Amino acid sequence: MKQTMGVSTTDFDFIRDLVYRHSAVVLSADKTYLAELYLQPITTSLGFTKIADLVNYLRNQTFNHIHTQVIEALVTNETSFFRDIYPFETLQKFVLPELIKKRAIARSLNIWCAACSHGQEPYSIAMLMREHFPLLANWSVKLIASDFSQKALTKARQGRYNQLEIQRGLPKNLCDRYFHKVDNEWQILDNFIKMVEFQQINLVKTWPSLPKSDVIFLRNVLIYFDIPTKKALLNKIKQQLSSDGYLFLGNAETTINLDASFERVQFNKGICYRLQQ
């Protein structure tokens with residue numbers, strides 16, 4: 001049996017299957033190093049001698065918090081403030097002005113950041129709205145941010161970031177205006193935390209009841225899924241998106257050849273998707 005430094009092929013196949021069944025994230029067979037990198041600390045902290053012992057435990061126990069811990073360790077939480085900037089410019093210059101005009105009577109707006117990780121994305125949107133659309137302070141604005149990882153959501157709800165996280169994408173003037181220093185970290189103001197409704201949602205499981213979304217950020221999520229899962233998720237997204245709403249995906253993602261219900265819309269350098277009219 002082939003065996004790498006710390007994880008046998010058989011054990012890694014079990015881990016890959018565990019991650020896929022509970023998150024739909026596909027770990028390719030050449031990613032054994034991820035298991036070695038991220039599971040060794042868990043193995044040590046739980047008192048197991050080697051990763052194989054941890055995997056043996058996972059095999060022989062009903063699903064519990066340790067299974068969750070392993071899955072969350074292997075699923076990326078990469079994010080940053082105003083990541084890739086163009087989606088936020090598009091939101092500011094085109095999408096929100098259009099939707100605000102259309103919703104002027106109802107004065108209601110629903111935005112969903114699916115897979116929000118540690119919260120930088122929804123907080124970026126909250127700061128963008130505060131900076132450029134002060135009239136929304138008198139609207140009913142629901143900004144929902146979800147992730148399947150409770151660990152990620154705990155950090156997101158805290159709204160506290162280290163210096164490196166702050167330096168990744170957050171302009172200094174916004175940091176000065178909306179954060180304050182706590183020891184060696186930066187804490188976002190309480191009223192921004194209150195602007196965001198955090199929920200634990202696994203995108204490949206049954207969703208809780210959500211209001212129709214005028215804007216959905218589903219960025220850098222599809223790239224981790226196989227084709228059937230991408231199609232199934234987009235089918236659910238199109239039922240969740242308002243008929244005139246907008247869907248934002250990651251730079252390397254598209255609905256093309258996955259779901260013909262969406263059409264690609266380009267605003268300057270920003271690309272998003274809406275339902276075919």
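Reader: Is R130 buried, partly exposed or exposed, and what is its relative accessibility?

Author: Keep in mind that this is a predicted model. R130 lies in helix 6, which covers residues 120–132. Exposed would need over 50% relative accessible area and buried under 20%, so R130 counts as partly exposed, at 34%.

Reader: What about C175: how far is its sulfur from the closest cysteine sulfur?

Author: C175 is also a buried residue, at 5% relative accessibility. A search of the whole structure finds zero disulfides. For C175, the closest cysteine sulfur is again in C113, too far for a bond at 20 Å.

Reader: Which residues of helix 4 are buried?

Author: Helix 4 spans residues 65–74. An α-helix has 3.6 residues a turn, so residues three or four places apart point the same way. In helix 4, the buried residues are I66, H67, V70, I71, E72 and L74.

Reader: Which helices do those buried residues of helix 4 pack against?

Author: The buried set includes I66 and L74. Its packing partners are helix 1 (9–23), helix 2 (32–45), helix 3 (51–60) and helix 7 (150–158).

Reader: Which residue caps the N-terminal end of helix 4?

Author: Look for a side-chain oxygen that lies 2.7 Å from the backbone nitrogen of I66. I66 is itself one of the buried residues of helix 4. The residue that supplies this oxygen, and so caps the helix, is N64.

Reader: Now the strands. In what order do the three strands of the open sheet stand?

Author: Strands of a sheet pair through backbone hydrogen bonds, either parallel or antiparallel. In this open sheet the pairing is antiparallel, and the strand order is 3-5-4. Strand 3 (160–161) and strand 4 (179–182) each pair on one side only, which makes the edge strands strand 3 and strand 4.

Reader: Which residue of strand 5 does V182 stand opposite?

Author: Strand 4 and strand 5 (residues 185–188) run antiparallel and are joined by four bridges. Across this pairing, V182 stands opposite E185.

Reader: How many residues of strand 8 are buried?

Author: Strand 8 covers residues 241–249 and pairs in the parallel sense with strand 7 (residues 213–218), over five bridges. Within that pair, F217 stands opposite F248 of strand 8. Strand 8 is mostly covered, and of its nine residues the buried ones number eight.

Reader: Where does N220 lie, and what is its phi?

Author: N220 belongs to the loop between strand 7 and helix 11. N220 is buried, with a relative accessible area of 17%. Its phi is also a positive value, near 60°.

Reader: Which residues does T229 touch, beyond those up to four places away in sequence?

Author: T229 lies in helix 11 (residues 227–240). At 13% relative accessibility, T229 is buried. The residues it touches are Y20, A24 and V204.

Reader: Finally, what is the radius of gyration of the chain, and how does it sit with a compact globule?

Author: The chain has eleven helices and ten strands, and buried residues make up 49% of its 277 residues. A compact globule with 277 residues would have a radius of gyration near 19 Å. The chain agrees with this, at 20 Å.

Conventions. Residues are numbered from 1 along each chain as its sequence is written. This is a predicted model: local features need pLDDT of at least 70, side-chain atom pairs count only at pLDDT 80 or more; totals for chains, interfaces and linings use all residues. Side-chain values use heavy atoms; hydrogens and water are left out. A disulfide is a pair of cysteine sulfur atoms within 2.5 Å. Buried means under 20% relative accessible area, exposed over 50%, partly exposed in between (1.4 Å probe, protein chains only). Helices (H or I, at least four residues) and strands (E, at least two) are DSSP runs, numbered from the N terminus. Contact means heavy atoms within 4.5 Å. A polar contact is a pair of N or O atoms within 3.5 Å; within protein, one must be able to donate a hydrogen and the other to accept it, and residues adjacent in sequence count only if both atoms are side-chain atoms. Two strands pair if DSSP finds at least two bridges between them. The radius of gyration is taken over C-alpha atoms; the globule rule is 2.2 Å times the number of residues to the power 0.38.
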